[in-house]
Amino acid sequence: MNILYTAHGSATGGRTGSAGSDDGRLSVTLDTPKELGGGGGQGTNPEQLFAAGYSACFLGALKFVAGKAKIALPAETKVSATVGIGPRDDGKGFGLDVALQVTAPGVDKPVLEDLVQQAHIVCPYSEATRGNLAVRLSVA
């Protein structure tokens, strides 16, 4: 694989701490949600960061496959990710539950569904999770 870009990030304090990128473009306070035994403060959490990152990446992949197919996506096209966390059924740790919902006003639903399936093949987040968790895809 020819690496085109490399990101560098780090975190301190675990789920209650801070995280950011080495170039200073990303700097966030982390707080553990009440549902996970934390105080539920104003900071973000890894699941929210993953949801935002996956949404952005998947939308980029969707634009890529739409462009190859010469299909114009409206500026309002949106990918929403839902990321849940909980104990795995095997009792050996935690797992994620992920769903992506795509909306593209004015694009025929069957056309958009096909593009979403193609984007799921192209998206590096989808590739990284493939075989590890089932990502549910839907078109609104």
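**The chain as a whole**

What you see above is a predicted model. Its protein chain contains three helices and six strands, and along the sequence these follow the pattern β-β-β-α-β-β-α-α-β. If you like to think in dimensions, the C-alpha atoms fill a box of roughly 45 × 40 × 30 Å along the principal axes. Of the 140 residues, 30% count as buried. The accessible surface comes to about 9,000 Å², with 54% of that belonging to carbon and sulfur atoms.

As for contacts with a separation of 6 or more, 46% are accounted for by residues 24 or more positions apart.

**The sheet of β1, β2 and β3**

An open sheet of three strands runs in the order β1-β2-β3, and its pairing is antiparallel. β1 (9–12) and β3 are the edge strands, each pairing on one side only. From one strand to the next, the twist averages 15 degrees.

Both pairings in this sheet can be followed residue by residue. β1 and β2 are joined over four antiparallel bridges, and here A11 stands opposite A19 in β2. β2 (residues 17–21) and β3 likewise pair in the antiparallel sense over four bridges.

| Hairpin | Residues between strands | Glycine with positive phi |
|---|---|---|
| β1 and β2 | four residues | G13, about 85 degrees |
| β2 and β3 | five residues | G24, near 80 degrees |

Is T32 buried or exposed? T32 is found in the loop between β3 (27–30) and α1 (46–68). With a relative accessible area of 11%, T32 is buried, because buried means under 20%. Setting aside neighbours within four places in sequence, T32 is in contact with R15 and T16, and also with G38, G39, G40 and G41.

**The sheet of β4, β5 and β6**

The other open sheet also deserves a tour. Three strands make it up, in the order β4-β5-β6, and the pairing is mixed. Its edge strands, each pairing on one side only, are β4 (78–87) and β6 (135–139). Direction ignored, neighbouring strands of this sheet are turned by 15 degrees against each other on average.

Strand β5 (residues 94–103) pairs with β6 in the parallel sense, over five bridges. Within this part of the sheet, Q101 stands opposite S138 in β6.

Two helices lie across these strands. α1 lies across β4, β5 and β6, and runs at about 145 degrees to β4. Helix α2 (residues 109–122) lies across β5 and β6, running at about 155 degrees to β6.

How values were computed. Residues are numbered from 1 along each chain as its sequence is written. This is a predicted model: local features need pLDDT of at least 70, side-chain atom pairs count only at pLDDT 80 or more; totals for chains, interfaces and linings use all residues. Side-chain values use heavy atoms; hydrogens and water are left out. Buried means under 20% relative accessible area, exposed over 50%, partly exposed in between (1.4 Å probe, protein chains only). Contact means heavy atoms within 4.5 Å. Accessible areas come from the Shrake-Rupley method with a 1.4 Å probe; for residues, only the protein chains shown count as cover. Two strands pair if DSSP finds at least two bridges between them. Axes are lines fitted to C-alpha atoms, for helices over the stretch in contact, and angles run from 0 to 180 degrees between N-to-C directions.
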